Amino acid sequence: MCKNIDFRIMKKVLLSILTLLVSLTAAAQTTVSDSVPARKKVAVVLSGGGALGAIHVGALKVIEEAGIPVDMVVGTSMGSIVGALYSVGYNSTDIATMLRTMDWTELFLDRNDRRLLTLSDRDAQNTYIYERNFYVLGGIDPQPGGVIRGTNVENVFRHYLYGHTDSINFLRDLPRQFACVATDLVKDEQVVLTHGSLVKSIRSSMSIPGVFTPVHMGDMVLVDGGAKNNFAADVARDLGADIVIGVKFDLELGTDKEYRTLMDVMERSAGSDVSRRARENEKYCDLLIKVPVRGYNSGSFSGRALDALMERGEKATREKFDSIMVLKQQAGVLPHTDCTMHLRDINKVPENDEEPSGLTDFRQKNTLTASVTARFDSEDIAALQLNGKYFFGEKLNKELDLTVRLGMRSMLRLDFNIEPRPFRKLGLSYEFWYKYTNIYTRGKRSNNLSMLYQHANLKLFSVDAMNFDCELGLGWQHYHLFNELWNENSAIEFRPNEHFFNYHAKLRYNNEDNHYFATRGVRAEARYAYCTDNMAQWKGHSGFSDVMAMCQVTIPLTHSTSIRPGVLGRMLFGDDLPIMAGNVVGGRSYGKFFPQQLPIAGMGRAEFFNSKFVSAALRLQQRITGRHYLLLDGSVSEQNDELDKIFDNKPLWGAQIAYYYDSGIAGPLGLSLGWNSYTRRLHFFLSLGFDF
């Protein structure tokens, strides 16, 4: 009986103790929750502005140092690019590296990835300033409403945003919530993008109207969000942000005397309503960081300008550091808590499996590809070249190619090719040239030639691969000199008409990483032609042979310095050799005034040499900074009409120094000064644009 009573008493005591513990725990939890409130959501709003958006990187650097959490990023145009990169886990240092290393000229062009092109397509792409596709036989315009398709923009950011390129929810599936603003042309209203393709979304937000083609999403046709809301602080509030930090540029344009550039006038006049809304949206910010950008505009994408803009963003934000720390406390973050994230490393970006690899055929059926380029130099004066390439894409993949060149060397070329197998071609081409050129002898002008040149080529077999091509074929060349002037320096007797047929084979290899300023790789070429005047003989006896070979190897010494040793030679074998088939040496480009013209250092003008010619050369290439290059070239050459005596004469040597700026879109711009022991004359050459 007593034992039962004791048991019941002990049970009641235990229950009482347990109840007391539960009550104390609940009270403690209530006290903690009352003393430490839930952390508030912090958003950073990044404005648009093209290159001016580099200020955001400097601002984010200081925000990271402060340790304030960034839960959401809302961006417009360039702000959407920086914001998307930040939202997937890159820090400000990584994004700064991206901005510095990106080739912005290539990024804003529609040039195809050179690693995926055949050698001949790569050569053509390294010539033209602008290229556009058109559908000829109906269908939808492949490039509607814009000059630039933006393909390269998408490819680059698909690479950096790996893992988030599928359709996702930006407010749920990213390390930081993200939203960007675009403009729907159909409804003429702002669109806030919070789900779908992250790459397509930022591509929409930055699509400058008339420059980039709009992005189609469902029933919407989207362009740059800056057209409606260039500083979307109101969007951040609508998406639930408790604390908003806004970063925007300040043009500081006040008086009419300060509107001195076309870019300043366009930005100010086109964006008056947008600027008004941006000012109104400032009221949604708990902290507004306005960065002065005087001296720069939305097109200032040079490395020096981007660095300066990032520094200005950092400086302006650092001046607000105390205010940022106050917001950090208001957000409910303990003073020494670091809430920054660095989930990705730019040095560990993997290759994107979605990107194509190997040769890629970018042509589309029934599409006309039109291209244009121009150049100026101190020898050829001005030149313009237009190209139209029509791809039938039916049986045998037929293609028609028309090229017109206007200048001192005017040309019309027509090519027709069929492709029975991928990258295997058969074809027929014809080109007609009018050329006016000067011929020099020992550096002194000796002849002025005005001539018509015709060349027909039957391509019996060819392979056009990624780094090499080869061809077997038949050719016909005809020279007609209708105006020849000469003086006492002339040592050549030209004939009014010369023509010959040839059977030829050629092979090229090129894996250089840059067409004009290679830092590594090999370029080599070998050609052989057997020439006749009646498809069998030359002037009643055996035909003559034309052999040419060259090879150059670019070797990197440092990240900015490389050397390029090379050898070059052309030899003719046979009797009664035609003048116009002879060796022409001089100038900077292969085949500039004559198809067989060979360049050597220091000799700026074309001269006729003996039938056997060899040369060895060495180039030192130094990238000074950014796109600026210094080139030092030297060469040693030998010539003779007899092969076994080619090294009996005194060697010819030459040297030249050149400065070039790689403009990207317009080609290399530069000047050179050279001297050669054969001419014993200084030669100055100015070149602006691609070689063609």
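1. Q639 counts as buried because its relative accessibility is 11%, where buried denotes under 20% relative accessible area, exposed over 50% and partly exposed in between, with a 1.4 Å probe and protein chains only. The model is a predicted one, in which local features need pLDDT of at least 70 and side-chain atom pairs count only at pLDDT 80 or more, while totals for chains, interfaces and linings use all residues. Residues are numbered from 1 along each chain as its sequence is written, and side-chain values use heavy atoms, with hydrogens and water left out.

2. Q639 belongs to strand β29 (residues 628–640); helices (H or I, at least four residues) and strands (E, at least two) are DSSP runs numbered from the N terminus. Leaving aside residues up to four places away in sequence, Q639 touches F609, N610, K612, F613, I646, N649, L652 and Y678, contact being heavy atoms within 4.5 Å.

3. Helix α7 (residues 151–160) is largely enclosed by the rest of the structure, because 7 of its 10 residues are buried. These buried residues are N152, V153, E154, F157, R158, H159 and Y160, and they pack against α3 (78–87), α4 (92–101), α5 (104–107), α8 (198–205) and β9 (210–212).

4. The structure holds 15 aromatic pairs, a pair being rings of Phe, Tyr or Trp (its six-membered ring) whose centres lie within 6.5 Å, with planes under 30 degrees apart counted as stacked, over 60 as edge-to-face and the rest as tilted. F170 and F178 form a tilted pair, because their ring centres are 6.0 Å apart and their planes stand at 50°. F170 is buried at 0% relative accessibility, and F178 is likewise buried, with a relative accessible area of 0%.

5. The rings of F517 and Y660 are also tilted, as their centres are 6.2 Å apart and their planes at 55°. This pair links distant parts of the chain, 143 residues apart, with F517 in the loop between β21 (497–510) and β22 (521–532) and Y660 in strand β30 (residues 652–662); both F517 and Y660 are buried. Elsewhere, ring pairs link F494, F594 and F608 into a cluster.

6. Two lysines deserve mention for their placement over rings: the charged end of K248 sits over the ring of F231, 5.3 Å from its centre, and the charged end of K435 sits over the ring of W433, 4.7 Å from its centre. The criterion is that NZ of Lys or CZ of Arg is within 6 Å of the ring centre and within 35 degrees of the ring normal.
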